[in-house]
Amino acid sequence: MSANRPRVFSGVQPTGNLHLGNYLGAITKFVALQENHDCLYCVVDLHAITVWQDPKELEHNIREVTAAFIAAGIDPEAHIIFNQSRVSGHAELAWIFNCVSRMGWLNRMTQFKEKAGKHRENASVGLFAYPNLMAADILLYRATHVPVGDDQKQHLELSRDIAQKFNSDFAESIAAHGFGETFFPLPEPLIAGPATRVMSLRDGTAKMSKSDPSDMTRINMMDDADTIAQKFRKARTDPEPLPSEEIGLEGRPEAENLVGIYAALAAKSKAETLTEFGGGQFSAFKQALTEVAVETLGPIGAETKRLMDDPSHIDSILSDGAVRAHAIADPIMRETKQTIGLLTD
Ligand code: TYM
């Protein structure tokens, strides 16, 4: 890792099947950023347990996300892949941020409202404080660039608010210790491209999600070719042919979603995709979509399975990644404690 390349941090929860939304919204970006950045990619197990997880499944899922990262093209030697709970600084800094962040800020988080639903009183405290842990994940490494899907935008804004409040609450102490003017950089979300918000295949107004009870709403990264074909064939559309220009997608969320998915998989823009398929029926387009999805996901799924056959190899990658993540985090954690007035070694 070099000292002057921008630092990237991002995380994925090990809570079940990874799907096309995770892949296009996040993992493909993780892969691309490796060229010009120093990257930390984290399997966020402490986030996962904000909702009860079966312990055996959690172990399996942590390894499977790790395997999928590698199969998709993340290089665990040139960059860092690790599981969050192995680096204690995440939980420590999250506690400090619990004391910086405000109840009012967290009360505005739409994802908590969605996840807690009507049973708010019964949600875990961890689920409510979750965005503070996310801020800690990023700032523990003073990461500046954070590739995520559109659904994480509000959490990233909160991370910036926390960084800013910490910098200003402790400005005098930061200066007195000679820690520079901005102790924590304000992290920048990287949300770009045609598939920042992949929608359900059955409802173009709902996000594609791991927690949807129907598997037909999503393409999983481990789905086989037949399953992918069947899910796209049954994906909801409307009776009109595809438009030739982007403006024609307005008010047609299912069409817009499939066009965005195709564009992202084929590394084209939505406009280019519509030039190619505009005026045609969905059936032909869905076939092309299936082909490009199978071509992309097939080899990744196969490689993930192959890697999962050797769990001890995956465990050694995670443990090595954690050692290297610790080395970056420890001095930042120490400076953070000194800034606040906590005594350190
Ligand atoms: P998670 O595990 O829900 O999702 C992982 C990544 O996939 C993106 N994503 C999507 N993108 C497009 N369309 C979709 N339908 C879709 N569904 C999911 C998410 O935006 C995310 O980038 N809180 C985070 C994990 C996290 C994190 C962090 C991210 C923890 N700490 C620090 C960045 C930095 C989460 O639950 O992602």
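## Composition of the ligand shell

The structure described here is a predicted model.

## Polar atoms facing the ligand

In the side chain of Asp137, an N or O atom is 2.6 Å from a nitrogen atom of the ligand. Val198 takes part through its backbone, where an N or O atom lies 2.8 Å from a ligand nitrogen. Met208 likewise presents a backbone N or O atom, at 3.0 Å from a nitrogen atom of the ligand. The ligand, taken alone, exposes 710 Å², and the protein buries 96% of that area.

Strand β2 (residues 38-43) includes Asp38. This residue has a relative accessible area of 2% and is therefore classed as buried, the cut-off for that class being under 20%. The side chain of Asp38 forms a polar contact of 3.1 Å with the side chain of Arg5.

His37 belongs to the loop between α1 and β2. With a relative accessible area of 13%, His37 is also counted as buried. Asp345 is 308 residues away from His37 along the chain, and their C-alpha atoms are 32 Å apart. For His326, at a sequence separation of 289 residues from His37, the corresponding C-alpha distance is 19 Å.

## Positive phi angles in two loops

Most residues other than glycine have a negative phi. Arg142, although not a glycine, has a positive phi of about 50°. Arg142 is placed in the loop between α7 and β4 (145-147). Its relative accessibility is 24%, so Arg142 counts as partly exposed, a class that spans the range between the 20% and 50% limits.

Ala267 also has a positive phi, of about 55°, without being a glycine. The loop that holds Ala267 runs between α11 (253-265) and α12 (270-277). Ala267 has a relative accessible area of 70% and is therefore exposed, as that class begins over 50%.

Helix α13 (residues 282-308) contains Ala293. The relative accessibility of Ala293 is 0%, so this residue counts as buried. Ala293 and Ala229 are 64 residues apart along the chain, whereas their C-alpha atoms are separated by 9.0 Å.

His326 is located in helix α14 (residues 311-340). At a relative accessible area of 23%, His326 is partly exposed.

Note on methods. Residues numbered from 1 in each chain as written. Predicted model: local features only at pLDDT ≥ 70, side-chain atom pairs only at ≥ 80, totals over all residues. Heavy atoms only, no water. Polar contact = N/O pair within 3.5 Å; in protein donor to acceptor, adjacent residues only side chain to side chain. Areas by Shrake-Rupley, 256 points an atom, 1.4 Å probe, with all protein chains shown as cover. Helix = DSSP H or I, 4+ residues; strand = E, 2+ residues; numbered from the N terminus. Buried < 20%, exposed > 50% of the residue type's maximum accessible area, 1.4 Å probe, protein only.
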